[in-house]
Amino acid sequence: MATNLIVRGAPQEYELKTAAWQDLPKHLERRNLRKVMIIHGETSWQAVKGYFPDLSAYETSFYYYGKDCTDEAADHFAKLAKEDQAEALIAVGGGKVADLTKLTAYRLNLPVVILPTLAATCAAYTPLSVVYNHEGVMLRYDIFPKATDLVLIDPQVLLESPYELMVAGIGDTLAKWYESDAIISQLAVKPIEIQVAEFAAKKSRDILLAESSAALQAMKEKQLNQAFIDIIETNILLAGMVGGFGDEYGRTSGAHSIHDALTVLPDSHKQLHGNKVAYGILVQLMIEQKVSEIRQLLPFYHQLGLPTNLQDMSLALTEKDYQQVAERAAAPDEMIHFMKETITPEVIIQAMRDLETLTTDAWS
């Protein structure tokens with residue numbers, strides 16, 4: 001029986017439509033907000049600022065977020081927000097921008113609005129932030145007791161986002177099914193909340209496997225289609241529902257623990273989050289001895305260009321590297337232990353080595 005289950009189902013308001021960002025003034029007006037602070041990316045801001053609405057009727061301040069969601073960054077922007085007397089924070093960017101803005105807003109008890117420029121994670125949807133240190137090593141997840149106030153998604157904006165980031169987002173979202181199934185499958189009784197999370201996770205996997213190719217073709221052609229919209233909503237809405245309704249039963253387990261462990265290797269920082277998670281799915285399945293499932297996924301991985309092994313990520317691990325990664329992945333507080341088996345560093349190293357052998361043999 002699931003225990004200590006808290007549902008954090010959705011943002012207070014969520015809207016996806018063409019030109020959705022142009023409704024931002026209307027939403028601010030409804031909330032009686034006049035002073036807003038906008039935290040944005042760098043490259044993404046240059047690409048999307050033409051879509052950003054006219055806020056000349058409001059008091060605004062704009063800041064570049066600085067590349068990482070860290071405690072120090074949140075403290076910095078909290079100080080700026082106080083100086084600016086901001087009544088709300090608006091994030092315009094990808095997952096790290098959203099996470100940093102949520103973390104900052106929580107510290108100030110201010111409303112937060114998110115205008116995503118990527119559909120690579122469910123960060124726009126979920127009331128949590130992944131916090132890193134300055135070296136890019138993941139430290140922790142902070143889960144907030146308050147939902148994001150508003151999410152506005154313009155699919156036309158996302159259509160022009162980097163192709164490789166969408167691919168990585170698909171890899172990250174694909175993990176929702178495999179990680180949650182490893183936990184939920186252990187339950188003899190599944191509460192309704194868990195059933196919703198399980199449905200969302202399985203639906204995510206099915207849509208990604210069926211529609212990713214057509215969605216990515218839309219990006220290549222710069223032409224919206226239903227598959228692209230479906231993948232956006234899968235990566236953001238459905239993916240957010242898995243953890244939102246499932247709580248710890250719908251969050252991360254094996255794949256993300258492998259991702260988090262890889263961050264201790266400086267060379268891994270060149271790889272996108274979702275690519276490392278996609279690799280982590282295969283390591284998790286190897287730990288679970290689900291080799292046939294790995295074989296079923298390999299053609300999809302190759303079609304999209306997701307990494308199937310360390311070699312695909314240009315990572316050559318020494319014995320010391322393997323040990324360091326495995327010990328981090330198997331640390332007592334890691335979510336990999338939500339899986340059925342007792343996971344030791346030795347089990348992880350063996351799974352990583354077996355995956356190298358399988359994927360090299362399968363495609364040599």
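Author: Start with the contact itself, meaning heavy atoms within 4.5 Å. Ala168, Gly171, Asp172, Leu174, Ala175, Tyr178, Glu179 and Ala182 in H6 meet His273, Gly274, Asn275, Val277, Ala278, Ile281, Gln284 and Leu285 in H10. By class, 9 of these residues are nonpolar, 5 polar and 2 charged. Ala, Val, Leu, Ile, Met, Phe, Trp, Tyr, Cys and Pro count as nonpolar, Asp, Glu, Lys and Arg as charged, and the others, Gly among them, as polar.

The model is predicted: local features need pLDDT of at least 70, side-chain atom pairs count only at pLDDT 80 or more, and totals for chains, interfaces and linings use all residues. Residues are numbered from 1 along each chain as its sequence is written, and side-chain values use heavy atoms, with hydrogens and water left out.

Now the geometry. H6 spans residues 163–184 and H10 residues 273–287. Both are DSSP runs (H or I, at least four residues), numbered from the N terminus. The two pack at an angle of about 30 degrees, with axes 7 Å apart. Axes are lines fitted to C-alpha atoms over the stretch in contact, and angles run from 0 to 180 degrees between N-to-C directions. The crossing is left-handed: the near helix is turned anticlockwise from the far one by less than a right angle.

Step back to the whole chain. It has 13 helices and 8 strands, a strand being an E run of at least two residues. The C-alpha atoms fill a box of roughly 60 × 45 × 45 Å, taken along the principal axes.
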